[in-house]
Amino acid sequence: MPMYRIIVDLSDRMLYLLNDDVVVRGFPVGIGKVLTQTPIGEYTIVNKAPNPGGPFGVYWMGLSRPHYGIHGTNDPSSIGHLVSHGCIRMYNEDVLALASLVPIGTRVTIRE
């Protein structure tokens, strides 16, 4: 069984999926604006919801820090930019691919 974890690297605006500390996938992401920065730290995925609606695109994965999550977007042009209120924004097809692999409880490290 794979041992997945996620690293979000804010400096290169990428989300990396690791299995046993080996990067298996990398996805471009949009992150928080200067005034609403994505919080650095260690979290876990605490819930998952398909079709959350609105700006969250096709999928939501909530983090152990309340009100923050990894989600799709209704604005694909925002990926790669400082655009969100602190969440990690992904292309819809990417968030679906990621959500199909990682279970609730997956570790998420957000670093500068």
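This is a predicted model: local features need pLDDT of at least 70, side-chain atom pairs count only at pLDDT 80 or more; totals for chains, interfaces and linings use all residues.

Reader: Noted. How many helices and strands are in the protein?

Author: The protein has one helix and nine strands. Going along the sequence, the order is β-β-β-β-β-β-β-β-α-β.

Reader: What share of the residues is buried?

Author: Of the 112 residues, 44% count as buried. As for contacts between residues at least 6 apart in sequence, 52% of them join residues at least 24 apart.

Reader: OK, strands. Is β5 mostly covered or mostly open?

Author: Mostly covered: β5 spans residues 59–63, and five of its five residues are buried. Tyr-59, Met-61 and Leu-63 point one way, Trp-60 and Gly-62 point the other way, and all are buried.

Reader: Why would they alternate like that?

Author: Side chains in a regular strand alternate between the two faces of the sheet.

Reader: Which strands does β5 pair with?

Author: β4, residues 41–50, runs antiparallel to β5, with five bridges joining them. Pro-50 sits opposite Tyr-59 there. β6, residues 69–71, also pairs with β5 in the antiparallel sense, over three bridges, and in that pairing Trp-60 stands opposite His-71.

Reader: What's going on in the hairpin of β5 and β6?

Author: Five residues lie between the two strands, and His-67 in that hairpin takes a positive phi near 75°.

Reader: Back to Trp-60. How many aromatic pairs does the structure hold?

Author: One. The partners are Phe-56 and Trp-60, with ring centres 5.3 Å apart and planes at 70°, so the pair is edge-to-face.

Reader: Why does 70° get that label?

Author: Because planes over 60 degrees apart count as edge-to-face, and the planes of Phe-56 and Trp-60 are at 70°.

Reader: Are those two residues buried or exposed?

Author: Trp-60 is buried, at 17% relative accessibility. Phe-56 is partly exposed, with a relative accessible area of 31%.

Reader: Switching to β7. Where does Ser-84 stand, buried or exposed?

Author: Ser-84, which is in β7, is buried, with a relative accessible area of 2%.

Reader: What does the side chain of Ser-84 reach?

Author: The side chain of Ser-84 reaches the backbone oxygen of Cys-87 at 2.7 Å. A polar atom of that side chain also lies 3.2 Å from the backbone nitrogen of Gly-32. Not counting residues up to four places away in sequence, Ser-84 touches Ile-31, Gly-32, Lys-33, Thr-36 and Arg-89.

Reader: And Val-83, what is its relative accessible area?

Author: Val-83 has 24%, so it counts as partly exposed. Its place is in β7, residues 82–84. Beyond its neighbours within four places in sequence, Val-83 is in contact with residues including Gly-30, Ile-31, Ser-78 and Arg-89.

Reader: Next, Gly-86. Where is it found?

Author: Gly-86 is in the loop between β7 and β8. Gly-86 is buried, with a relative accessible area of 1%. Leaving aside neighbours within four places in sequence, its contacts are Gly-32, Thr-36, Gln-37, Thr-38, Pro-39 and Tyr-68.

Reader: Last topic, the helix. Which residues of α1 are buried?

Author: In α1, residues 92–101, the buried ones include Asp-94, Val-95, Leu-98 and Ala-99. They cover an arc of only 130° around the axis, which puts them on the same side of α1.

Reader: Why do residues spaced like that point the same way?

Author: An α-helix has 3.6 residues a turn, so residues three or four places apart point the same way.

Reader: And what's exposed on the other side of α1?

Author: Glu-93 and Ser-100 are exposed there.

Reader: Great, thanks for the tour.

Methods: Residues are numbered from 1 along each chain as its sequence is written. Side-chain values use heavy atoms; hydrogens and water are left out. Rings of Phe, Tyr and Trp (its six-membered ring) pair if their centres lie within 6.5 Å; planes under 30 degrees apart count as stacked, over 60 as edge-to-face and the rest as tilted. Buried means under 20% relative accessible area, exposed over 50%, partly exposed in between (1.4 Å probe, protein chains only). Helices (H or I, at least four residues) and strands (E, at least two) are DSSP runs, numbered from the N terminus. Two strands pair if DSSP finds at least two bridges between them. Contact means heavy atoms within 4.5 Å. The arc is that of the directions from the helix axis to the C-beta atoms. A polar contact is a pair of N or O atoms within 3.5 Å; within protein, one must be able to donate a hydrogen and the other to accept it, and residues adjacent in sequence count only if both atoms are side-chain atoms.
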